[in-house]
Amino acid sequence: MLRIEVLMFGFFLKFACGNVNVDIVLSCSLVEEGAGMAAMGSGAFKRTPATLILRDVSVPPDDSLETFTPFMPPSVPDPDAILVEAKVSSPEIPGAEVLLHADCNQQEVLCELSQYTPKGAQQSSDSAYLMVSLDVEGVDFCTMIILQTVKTEDIGLVQTNLGLPLSQSGMLLTEVIFLVFAPIKAVMAPLRSDVLLNCGFKQQDEPFAPEVSVEWRLQHRGKGHRVLEMKTRLDDAEGSAVGEGRAGASVNAARVVAEGDASVTLSRLKVRDDGTYICTVSVGPFHAQQIVQLHVVQPPGLSLSEEKLIHKDKSPQILSCHSTKYFPLDVQMEWTFLSPSDSEPTVFPDQGSLSSHRQHGDGTYSVSSHLTVPPSLPPGTKITCTASHPALESPMSVSLLLETPRQDSYWWVFGFLIITALFFHQVMK
């Protein structure tokens, strides 16, 4: 489980615009390509324990902050230890307050560090870069951060894994310069509706470049294709260029420039829009991305093959339940009965047979369940078909009553035959 600490040095606690600036310490992993002959070409990765200290994180005031213990760097610097200090004052990390209590709430936090090379970076550059991926299980917090090293006095202490100079306390000093975040990691939307997939970015006050690029791609069943690509100047949203791969996809260029809002709107959702969306934002030599899951859903229609069913003493009858035009595929159907003498329904021991799934032109599915109604069920029994599906907040059902045969119908038929016979007898006389 991830270890999380909040540093609070008494009066050194800072307040800004009603928020509190705190330091959050995260247990992470440095992810590197695997070493050795066995790892070559295998895609294996090496993970080394690391600690990330986020300095000056702006969070809402919270009385429980006083219970956290301060992080103290080791008294003797260790070049083998990976201690990364990142200043977060500008830009801020949206929603970072969820990191404060994730451990207490038993929410696992994925924190991964890796070395990052900006596009076109020179080997002789004075700065080095790290990429940080943060994801909190069970809550809508996911962000990818780019850190830039801060120049420090050269004391001859170098971090073993990264080969970067350390401070006197053995810390690798960095600052947050760019990040891309997803406020909502998964979205469920009805078929044929419009949906907004959220993605945002933040950078330092001084832009790296005059232009920003936003790209959305859809990954579905092993295949990927472009949904939308947009390029716009940070000082002129009117001059944006948009390449649309999916009809009805749009990004608001003005919001990209003013608010760092790279969210995409998809209109008239289809089944093929279901899948994993990748939002990539590029500013100058830096780029980062986030993943948003879109679940397109359509609840089933439910109906019975008969409006009423007459009880028969000796012969079983077939009753069908049709679940129609739903998506995704996973629908569950169940038959129950409630006899006049019972207070709770009973599940049929034999649930009958299920037809094969039928797919329609719009990508939705239909299926039928066929129940053999045993003659042992008494008249007045209520038979119910229930369907469960991800698009339904609660299961839906349809029912009918097993009706008693109308005894007077036999006498009516018998009487009709007698009258008919008498009529013909009189005619033939």
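Aspartate 56 counts as buried because its relative accessibility is 17%, under the 20% limit for that class. In this predicted model, aspartate 56 belongs to strand β4 (residues 45-59). Its phi is near 60°, a positive value in a residue other than glycine.

**Backbone features**

- Lysine 325 also has a positive phi, of about 55°, although it is not a glycine.
- Lysine 325 lies in strand β22, and it counts as partly exposed because its relative accessibility is 35%.
- A cis peptide bond, with omega near 5°, leads from phenylalanine 327 to proline 328; proline 328 is placed in the loop between β22 and β23 (332-338).
- The peptide bond from serine 90 to proline 91 is cis as well, with omega near 0°.
- Proline 91 is located in the loop between β5 (83-87) and β6 (109-116).

**Aromatic pairs**

- The whole structure contains 8 aromatic pairs.
- One of them joins phenylalanine 178 and phenylalanine 201 in a tilted arrangement, with 6.4 Å from centre to centre and 50° between the planes.
- This pair links distant parts of the chain, as phenylalanine 178 is in strand β9 (residues 172-181) and phenylalanine 201 is in strand β12 (residues 200-203), 23 residues apart.
- Phenylalanine 178 and phenylalanine 201 are both buried.
- Tyrosine 326 and tyrosine 365 have ring centres 6.4 Å apart and planes at 35°, so this pair is tilted.
- Tyrosine 326, in strand β22 (residues 317-326), and tyrosine 365, in strand β27 (residues 365-373), are 39 residues apart, and their pair links distant parts of the chain.
- Tyrosine 326 counts as buried because its relative accessibility is 0%; tyrosine 365 counts as buried at 12% relative accessibility.
- One aromatic cluster is formed by Tyr116, Tyr129, Phe178, Phe201, Phe208 and Phe286.

**An open sheet**

- Five strands, in the order β21-β29-β28-β23-β24, make up an open sheet with mixed pairing.
- The edges are held by β21 (309-310) and β24 (346-347); each has a single partner strand, so one side of each is left without a neighbour in the sheet.
- Strands of a sheet pair through backbone hydrogen bonds, in either a parallel or an antiparallel sense.
- The pairing of β21 with strand β29 (residues 396-403) is parallel and runs over 2 bridges.
- Isoleucine 310 has glutamate 403, in β29, as its bridge partner.

Key. Residues numbered from 1 in each chain as written. Predicted model: local features only at pLDDT ≥ 70, side-chain atom pairs only at ≥ 80, totals over all residues. Heavy atoms only, no water. Pairing = 2+ DSSP bridges. Helix = DSSP H or I, 4+ residues; strand = E, 2+ residues; numbered from the N terminus. Phe/Tyr/Trp six-rings, centres within 6.5 Å; stacked < 30°, edge-to-face > 60°. Buried < 20%, exposed > 50% of the residue type's maximum accessible area, 1.4 Å probe, protein only.
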